[in-house]
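Visitor: I am new to this structure and would like a close look at a single part of it. Please take me through that part step by step.

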Amino acid sequence: MKKIAVVEDNPDNQLLIQAILEDRYDIQFYNSGMEALKGIKKNPPDLILLDISLPEMDGTEVLNQLHADHDLRSIPVVALTAHAMAGDREKYLSCGFDDYITKPILSNRILISVIENWVQKGSELARPSNDS
Ligand code: MN
């Protein structure tokens, strides 16, 4: 079973995501960016679902730290956010998120198909290195 890390501080959303995905994936939940960065380093998932609005460290900062880490930068990261204004999709993709899902999650099918897509692509991705 492929592993998904879900970084989300809202318990209702955690429950909903668990209900949609638990039969298909091995899910690890994290309530904060710090917790996620530690856990993901120890136990890297095949995909990360990352809330933007998190306490202390927002999702964009978590993404930057993931991308700064050689071992973690190739893991696909999908933004999960209630910010659904015109232009937001482009904004988050240009920050380096691989994809974008808006909350509330109204379609199980869309969530699953986005995840399936990136879990498959994930192993083929090779991010350019920033260290040279
Ligand atoms: Mn949140």
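Guide: A residue counts as buried under 20% relative accessible area, as exposed over 50%, and as partly exposed in between. The model here is predicted. Take Asn43, which has a relative accessible area of 34% and is therefore partly exposed. Asn43 sits in the loop between helix H2 and strand E3 (47-51). Its side chain makes a polar contact with the side chain of Lys3, at 2.7 Å. Asp26 is 17 residues from Asn43 in sequence, and the two are 12 Å apart in space, C-alpha to C-alpha.

H2 covers residues 33-42, and its axis comes within 10 Å of the axis of helix H3 (residues 59-67). The two axes cross at roughly 25 degrees. Angles under 35 degrees count as roughly parallel, so H2 and H3 are roughly parallel to each other. The crossing in which H2 passes H3 is right-handed. On the H2 side, the residues that meet H3 are Gly33, Leu37 and Ile40; on the H3 side, they are Val62, Gln65 and Leu66. Sorted by class, this contact of H2 with H3 has four nonpolar residues, two polar ones and no charged ones.

Thr81 belongs to strand E4 (residues 77-81). With a relative accessible area of 0%, Thr81 is buried, whereas Asn43 is partly exposed. Leaving aside residues up to four places away in sequence, Thr81 touches Ile52, Tyr92, Tyr100, Ile101, Thr102 and Lys103.

How values were computed
Residues are numbered from 1 along each chain as its sequence is written. This is a predicted model: local features need pLDDT of at least 70, side-chain atom pairs count only at pLDDT 80 or more; totals for chains, interfaces and linings use all residues. Side-chain values use heavy atoms; hydrogens and water are left out. Axes are lines fitted to C-alpha atoms, for helices over the stretch in contact, and angles run from 0 to 180 degrees between N-to-C directions. Helices (H or I, at least four residues) and strands (E, at least two) are DSSP runs, numbered from the N terminus. Angles under 35 degrees count as roughly parallel, over 145 as roughly antiparallel, 65 to 115 as roughly perpendicular and the rest as oblique. A crossing is left-handed if the near helix is turned anticlockwise from the far one by less than a right angle, and right-handed if clockwise. Contact means heavy atoms within 4.5 Å. Ala, Val, Leu, Ile, Met, Phe, Trp, Tyr, Cys and Pro count as nonpolar, Asp, Glu, Lys and Arg as charged, and the others, Gly among them, as polar. Buried means under 20% relative accessible area, exposed over 50%, partly exposed in between (1.4 Å probe, protein chains only). A polar contact is a pair of N or O atoms within 3.5 Å; within protein, one must be able to donate a hydrogen and the other to accept it, and residues adjacent in sequence count only if both atoms are side-chain atoms.
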